[in-house]
Amino acid sequence: MEPMTPARPPVRLHIVTGKGGTGKTTVAAALALALATGGKRVLLIETEERQAIAQLFDLPPLPYEERRIALAPGGGEVRALAIDVEAALMEYFAMFYNLGFAARTLKRLGAVEFATTLAPGLRDVLITGKIKETVTRGGEKPMYDAVVVDAPPTGRVVTFLGVTVAMADLARRGPIHNQASGVSALLHSAETAVHLVTLLEDMPVTETIEAIGQLKEAELPVGSIIVNQVAPARLPDKLLAEAEAGTVDTAALRRGLAGYGVTAAGATLTAFADVIRRYAEQSADRARCRAELAATGLPLLDLPASPTAVELGELYELAELLVAEGVPA
Amino acid sequence: MTKPDGTPSGPASGTAREPATRFDAGALLDDPATRIIVTCGSGGVGKTTTAAAMAVRAADAGRTVAVLTIDPARRLAQSLGLAELDNTPRRVDLGDAARGELWAMMLDTRRTFDDMVSAHTSPERAAQIMANPFYRSISSSFSGTQEYMAMEKLGQLAATGTWDLIVVDTPPSRSALDFLDAPQRLAAFLDGRMIRLLAAPSRGVMKLVGVGFTLFAKAVTAVIGGQMLTDAARFVQLFEDMFGGFRARAETTYALLRDPGSSFVVVATCQADALREAAYFADRLTSERMPLAGLILNRTHPPLVELPPKLDVSALEAAEADPSKAKSAVLARAALQLHTNQVALHVEELRMRARFEGARPEIGVIPVPALPTDVHDLAGLRTLATVLAP
């Protein structure tokens, strides 16, 4: 993989999205570890109040504070923040005023409910606002070298990232307008990259391509496509093409199996041949999916498949692979 | 990160027992008393495809079925080979094989909201509401409205009496529970004191300022911005006479879901997150006294080949130690690697399933093996339907 366009200022805010089930939380965590490698400090943000990061790192539920959850190779560290919307709302009010009394009143009157129920998009405003705060904290000497966001899924990510644009329109003046404009500016800047996690399957690929179109339309900066759960190649091209066309040399297969102690005849031999045919069909589908993704012109990064749920050790392996493939920096 | 050699194939390989509880989806779909089926589950588990397959199966069997999907990626459209779905159910051509009818639609959130407003007020007031910036935001750009409108649309379709079965796909929410909570959240919102303060007739923000809320109102106005609060208050005033109607409708729809004719089908894949979400949802349905028909365990991977225990492991070790590039060796090695991977996956899936069933033995489960390729046409949906309901 070639390094990313060198002229670009370094990306500090990585937004990771993907269709449900593609492993975006795992990829976001691996990316955070990869970015922290070599002594960097990285913040990993959870936006959906699911405690998915805690589960992945095998930790008790994370509170609404930045805590170290992992050390990265070479002295780096990953901190995590699970955003709590109600707490973020109180923080939001406190940001503009010293609202000791008013914040309590607002809480008692159901302001949180008001805000997040009347306009559920306010959740997104609060979350993106908090994200911006962590990215810009420390000014010239930023607190974090990078911030990685486990963002809402592809179906919702453009609304999520675009909410501040709508918000800036809605609140035409005042602190909220200014704040929303600031968040919107960061999200649309070269400091931000939206990465899309996908599998080599039709529906995730279709959604990924649709989301890329929507992101571009909203002028949000698209980073890389991360292809997750890539199966290793098991057959040379020639045999693969034959099998895809339906031809498997069962006599050779039977001989080969016999050489390894498996006597396969009749139904068992047919089933083994089907295993190969099915693999070849899937390989062809996957190749087609990959070609569609490549046609977007975006960089593709591969991560390998794991037959079981990803464990902590494997996260580090995924992070190493991302480092080797060239993490967008 | 595949572990072709690290995973013991153990006694579960090939010889695993099918747990006893099965969910009979065929009987559910064929039963004329079943009027509404809601498919739910976390994102990416195959809800839309499952909903479409169930609808096709019921229509093939002679029922008049509508399938309602709420999905920005238009997956159902793809599954049904339709170029476009809109806010009204359209007839799907099922060919000569079908004895019933299938109608499909995709929810247009904004239009459903607009229609609901129009149905509850005068044209003049509807126009004022639709021009309000606050309304425009909540009806289109803010997430969460989708769930409200999905429930509203379900209520509308059910009220027509046109279909003897409505299959509803749920929005790709963070959580399956969002869908269930939407109408309640609306009702809770209407009960909120804040909104009543804002909505106090002919007073709105100005009145708040005058009655001892000065500090509070100043803070709110300063933070939110006067214009936005004025828009919000105006919106609430315009909406006031409709709230009763909205709330009554939300409650009717909620009651509809408790009706004996309604069933929930939870869809999950054999992954910890999806099964956890399914378990939460099952518990929630039970506490709401809503009928859970069963769990569809989607995309399982039973091995195609059955080998005696341990043989696959020893054979794979022999194959991987053998450097031969002969065709027979290459084919056999690939076959054994693929088979062993599948066995490892299957063992893991059985373990996940056993854990779920151990905790919730009353829930019937249908495992649905992964099809070799994605379902994106009618034939694929029918194949899936025969697996779901043999």
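Which residues in α11(A) meet which residues in α15(B)? I noted the ground rules before answering. This is a predicted model, in which local features need pLDDT of at least 70, side-chain atom pairs count only at pLDDT 80 or more, and totals for chains, interfaces and linings use all residues. Residues are numbered from 1 along each chain as its sequence is written, and chains are lettered from A and ligands numbered from 1 in the order in which they are written.

**Entry 1: α11(A) on α15(B).** From α11(A) I listed A:Ala252, A:Leu253, A:Arg255, A:Gly256, A:Leu257 and A:Gly259. They meet B:Lys327, B:Ser328, B:Ala329, B:Leu331, B:Ala332 and B:Ala335 in α15(B). Contact here is C-beta atoms, placed from the backbone, within 7 Å. By class I found 7 nonpolar, 3 polar and 2 charged residues. Nonpolar is Ala, Val, Leu, Ile, Met, Phe, Trp, Tyr, Cys and Pro; charged is Asp, Glu, Lys and Arg; the others, Gly among them, are polar.

Next I checked the geometry. Axes are lines fitted to C-alpha atoms, for helices over the stretch in contact, with angles from 0 to 180 degrees between N-to-C directions. Helices are DSSP runs of H or I, at least four residues; strands are runs of E, at least two; both are numbered from the N terminus.

**Entry 2: α12(A) on α15(B).** Helix α12 of chain A (residues 266–294) and α15(B) have axes that come within 9 Å and cross at roughly 80°. This pair is also roughly perpendicular. A:Phe272, A:Val275, A:Ile276 and A:Tyr279 meet B:Leu331, B:Ala334, B:Ala335, B:Leu338 and B:His339. The classes are 8 nonpolar, 1 polar and no charged residues.

**Entry 3: chain B overall.** I counted 16 helices and 8 strands. Of its 390 residues, 50% count as buried (20 or more other C-beta atoms within 10 Å; 12 or fewer is exposed, in between partly exposed; C-beta atoms are placed from the backbone).

**Entry 4: positive phi.** A:Asp58 is not a glycine, yet its phi is near 60°. I found A:Asp58 in the loop between α2 and β3 of chain A. A:Asp58 is exposed, with 9 other C-beta atoms within 10 Å. A:Glu219 has phi near 55°. A:Glu219 lies in the loop between α9 and β7 of chain A.

Note on methods:
Contact = placed C-beta atoms within 7 Å. Parallel < 35°, antiparallel > 145°, perpendicular 65-115°, else oblique.
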